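Student: Could you walk me through some contacts and salt bridges in this one?
Tutor: Gladly; let us look at the structure and take the residues in turn.

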Number of protein chains: 2
Amino acid sequence: MRDTYQEQLDELASSLAGMCDDVARAMRNATRSLLDADLQLAEQVISEDMKIDDVRASAEHQAFGLLALQAPVATDLRVVIAAIHGAGDIERMGDLALHVAQAARRRHPQSVVPDEIKPYFTEMGTVGVALAEKAGRVIRSRDLEAAVELEADDDAMDDLHKHMFTVLMDSNWTHGVSAAVDVALLARFYERYADHAVAVARRIVYVVTGQMPGPLAV
Amino acid sequence: MRDTYQEQLDELASSLAGMCDDVARAMRNATRSLLDADLQLAEQVISEDMKIDDVRASAEHQAFGLLALQAPVATDLRVVIAAIHGAGDIERMGDLALHVAQAARRRHPQSVVPDEIKPYFTEMGTVGVALAEKAGRVIRSRDLEAAVELEADDDAMDDLHKHMFTVLMDSNWTHGVSAAVDVALLARFYERYADHAVAVARRIVYVVTGQMPGPLAV
């Protein structure tokens with residue numbers, strides 16, 4: 001029985017880490033669909049989001065079963081609680097990738113993002129995908145050092161997000177109100193995506209140490 | 001012992017319902033600070049957000065203790081899991097009210113919102129505050145009918161949010177890019193605030209029925 005229990009805990013962590021890979025791929029494809037105005041890729045991200053929602057529901061179901069049948073304590077209980085939170089965060093990352101793909105679809109065949117802004121979104125996509133993949137590795141390894149690194153990695157996203165607003169507010173912005181609103185909301189989706197990856201890593205710190213790291217800036 | 005256990009469950013629900021009242025007040029004040037460019041009120045919302053974060057941490061601590069010491073099953077387990085999720089949602093509602101107050105502070109003594117847009121924010125504030133208060137009542141009463149009502153109430157917020165974008169995209173918009181970006185992000189904060197109130201109510205449906213209602217539009 002004990003083996004099965006440990007196997008169930010491992011399976012739960014493995015589901016979550018797999019979800020991280022799924023939302024990393026979703027954001028990679030969503031970013032490509034945004035930058036290349038690729039409708040087919042946007043549709044793929046949109047239809048695949050349901051799979052991520054299903055894995056989340058199944059992870060919650062596993063967590064509920066573990067709590068009800070095994071009554072875990074100490075570290076094991078923290079694993080299950082972190083998984084409940086993590087599943088919510090990672091599902092939300094999928095939703096945010098979905099929003100990016102929906103923006104690409106809404107403006108197709110036009111591009112949502114003016115050409116000179118594209119390099120920023122390329123970079124935000126790269127940083128976001130790397131954060132999601134690293135969160136997955138942290139779930140698998142419980143590597144505290146890597147978990148803490150995510151907060152520093154997220155600073156790059158915050159800088160890109162702030163810089164984007166400087167560009168938008170510049171009096172040389174010539175793309176009009178509609179493009180500015182699209183860019184502002186898209187930048188926020190990437191920033192929130194990164195925040196949720198950091199939240200996942202922080203929960204792993206809590207699993208290992210029993211303490212949440214200090215307050216997260218909002 | 002059983003009494004203490006039930007008392008602890010009730011106390012947890014009561015903490016969460018109290019958080020709903022706190023974030024309702026935060027959004028009421030944040031909206032007033034936004035519409036009246038009231039810096040003092042904005043500062044009050046900003047400083048009070050830490051209290052909400054503390055109540056959330058304490059609710060999670062209570063939930064952890066209940067799981068570790070009482071190993072609840074069935075409805076009681078659903079109550080604790082719903083509380084863990086709910087505390088996260090309600091804390092996020094506080095963060096979103098905080099973002100509204102921060103926008104008011106950032107542009108002070110100017111108003112963030114052009115005069116003719118103010119009625120929409122008045123209305124979004126009213127709808128948001130009502131949703132938060134109703135979520136608190138649903139937590140206290142476990143009234144399924146009221147829980148389901150929240151989804152319909154949220155439609156009013158979605159309509160306001162959509163309408164705001166129509167106004168922004170209108171070629172008669174004369175307030176420039178910066179104001180448009182502010183208004184778009186603010187409208188999104190209100191919409192997300194309402195979504196989290198709905199999520200809290202949906203968790204109460206799960207507590208009572210054992211089933212989550214159908215998928216939530218994202």
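Tutor: Leaving out residues up to four places away in sequence, A:A82 touches A:R203 and A:V207, where contact means heavy atoms within 4.5 Å. Before going on, note that this is a predicted model, in which local features need pLDDT of at least 70 and side-chain atom pairs count only at pLDDT 80 or more, while totals for chains, interfaces and linings use all residues. Residues are numbered from 1 along each chain as its sequence is written, chains are lettered from A and ligands numbered from 1 in the order in which they are written, and side-chain values use heavy atoms, with hydrogens and water left out.

Student: Which helix is A:A82 in, and is A:A82 buried or exposed?
Tutor: A:A82 belongs to helix α3 of chain A, residues 74-107, helices being DSSP runs of H or I with at least four residues, numbered from the N terminus. With a relative accessible area of 6%, A:A82 is buried; the cut-offs are under 20% for buried, over 50% for exposed and partly exposed in between, using a 1.4 Å probe and protein chains only.

Student: And how many salt bridges are there over all chains?
Tutor: A search of the whole structure finds 30, a salt bridge being a side-chain nitrogen of Lys or Arg within 4 Å of a carboxyl oxygen of Asp or Glu.

Student: What does A:R203 form a salt bridge with?
Tutor: The partner of A:R203 is B:E60, with the closest N and O atoms 3.3 Å apart. This pair crosses between chains, running from helix α6 (residues 176-209) of chain A to helix α2 of chain B, and both A:R203 and B:E60 are buried.

Student: What else does B:E60 touch?
Tutor: Besides A:R203, B:E60 touches A:H85 and B:I84, again not counting residues up to four places away in sequence. The relative accessible area of B:E60 is 16%.

Student: Switching topic, how far apart are the closest N and O atoms of A:R105 and A:E43?
Tutor: They are 3.1 Å apart, in a salt bridge that links distant parts of the chain, with A:R105 in helix α3 and A:E43 in helix α2 (residues 39-70) of chain A, 62 residues apart. A:R105 is partly exposed at 34% relative accessibility, and A:E43 is partly exposed with a relative accessible area of 34%.

Student: What about A:K134?
Tutor: A:K134 forms a salt bridge with A:D153, the closest N and O atoms lying 2.9 Å apart. A:K134 counts as buried at 14% relative accessibility, whereas A:D153 counts as partly exposed at 29%.

Note on methods: Helix = DSSP H or I, 4+ residues; strand = E, 2+ residues; numbered from the N terminus.
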